[in-house]
Amino acid sequence: MKNGRSLSRRQFLKAAGQGSLGVAAGLALPNIFLNRTKAATGQNPSEFIRVGFIGTGGQGMSNLRALMKNAVAVCDVDKNHLENARRAVEKATGRNPAVYSDYRRLLEDKSIDAVCISTPDHWHALPAIHACEAGKDVYVEKPLTLTIHEGRVMRAIVRRTGRVLQTGSQQRSDTRFRRAIELVRNGRLGRIKRVLVGLTGVNWTNEPPVPDSEPPPELDYDFWLGPAPWRPYNKHRVHYYFRFFWDYSGGQMTNWGAHHLDIAQWGLGMDGSGPVEIRGTGEYDPEKRFEVPVAFSVTYRYVNGVLVECRSPGAKVRELLPGREKEARSILNDKDEFTGCIFEGENGLLYINRGALATWPEEILEEPIGDKDLRVYESRNHHQNWLDCIRTRNLPICDVEVGHRSATVCHLGNIAIRSGKVIRWDPDTERILDAELAQWVSKPYRPPWKLPEI
């Protein structure tokens, strides 16, 4: 496959202002890289959409398999991951995909219409922003961001460039979740009082701790760190385990919270808003094997008085619903601890999780959604919804605004846990009202990487 570049590598680096790690991260060159393929402009809805994959590890391979028919390029800083992805594409499609170790080189390829980003969380914002500036549509894994400020920048760039961005919170494209949200939003439970959210606990390795070491030859560790602070390589800080260190992620709050707190936001009709007050506590690993809490409790209060109570690992109904424990157990198959969401309304309860939807009383679930009832965005396949919206230029079901707002809820929870203080948040201006705590919405990047100004 030919790259079809309009600029040489040397010209690109010169135009961008090369630093010690390459292109300055604030680069905005939409006129140079603007993708003018018919599929990306909606002029020819049947045209094949050519997708490049940035990050091809665990979730990256899952996304690659889901979009295999569109795969034309793969990119990873780990040569083993890269070769596995290349072979997978070749075996499944017969195509020999373009192979890159630097995502910026992939973005130079004008034959690529869109990118799927499945990197660690600290590498979500920059590739997504640069892809938009290169005229490519974007699918980016959840959580959308590492910080609240990143989300605001991403949203501004997506809107300015007119790109389609789908966040990988795929529960929104699940029939059960959509049914649950329509029951809640149409008042079948009466006025919602609380949403209880249970998240899974830290799934740390059973291997004994290992000392810091030189990175393996197949991994470009400097590029893997990217905008994160420099730290010695340790195999229990990279790949899957990155999510349990603050430099790269936010633990299960951002890992699973980006799914279940996202559903809470959807059910409360708060996709463009958020809570106004957040309180949280956490417990940490006594052996200090990782940095994020091993257990936490966070309570969010919304302006209408509704509370969202989030617990990890799991949530216990005997603690959160003591007056309705019998009813709660009836929708949990007599279990006490759960993951997922329980919406508590004046007239009943609704439990929703992957593979499970139940209500008390049972009759609530049997009530049909009528033609005059509120209907929410319908998508039956998260990846296909993204491809369809690339053709139509409509907003996908988990657009950048939705992904940013749901990630913000997760980040605010972590800020409350880490600071030990009550967070007062203005969801309209997206500001923490306490000036001392306002610094938590962003974090510095390791030079020369930087976000563009908005």
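Biologist: How many nonpolar, polar and charged residues does the lining of the second largest cavity have, by class?

Modeller: In this predicted model, where local features need pLDDT of at least 70, side-chain atom pairs count only at pLDDT 80 or more and totals for chains, interfaces and linings use all residues, residues are numbered from 1 along each chain as its sequence is written. Side-chain values use heavy atoms, with hydrogens and water left out. On a 1 Å grid over the protein atoms alone, a cavity is a set of points where a 1.4 Å probe fits but cannot get out, a pocket is an open set with protein on both sides within 12 Å along at least five of seven lines, and lining residues have an atom within 4 Å of a point. Here the lining of the second largest cavity has six nonpolar, one polar and two charged residues, and among those residues are His 122, Leu 146, Asp 247 and Lys 443.

Biologist: What is the volume of the second largest pocket, and which residues lie nearest its centre?

Modeller: A volume is the space filled by probe spheres set on the points, which are joined across faces, edges and corners. For the second largest pocket this is about 310 Å³; of its 20 lining residues, Leu 146, Thr 147, Arg 418, Trp 440 and Lys 443 lie nearest the centre.

Biologist: Which helix gives the most to the lining of the second largest pocket?

Modeller: Helices are DSSP runs (H or I, at least four residues), numbered from the N terminus. Helix α17, residues 400-419, gives the most, with four residues.

Terms used
Helix = DSSP H or I, 4+ residues; strand = E, 2+ residues; numbered from the N terminus. Nonpolar A, V, L, I, M, F, W, Y, C, P; charged D, E, K, R; others polar.
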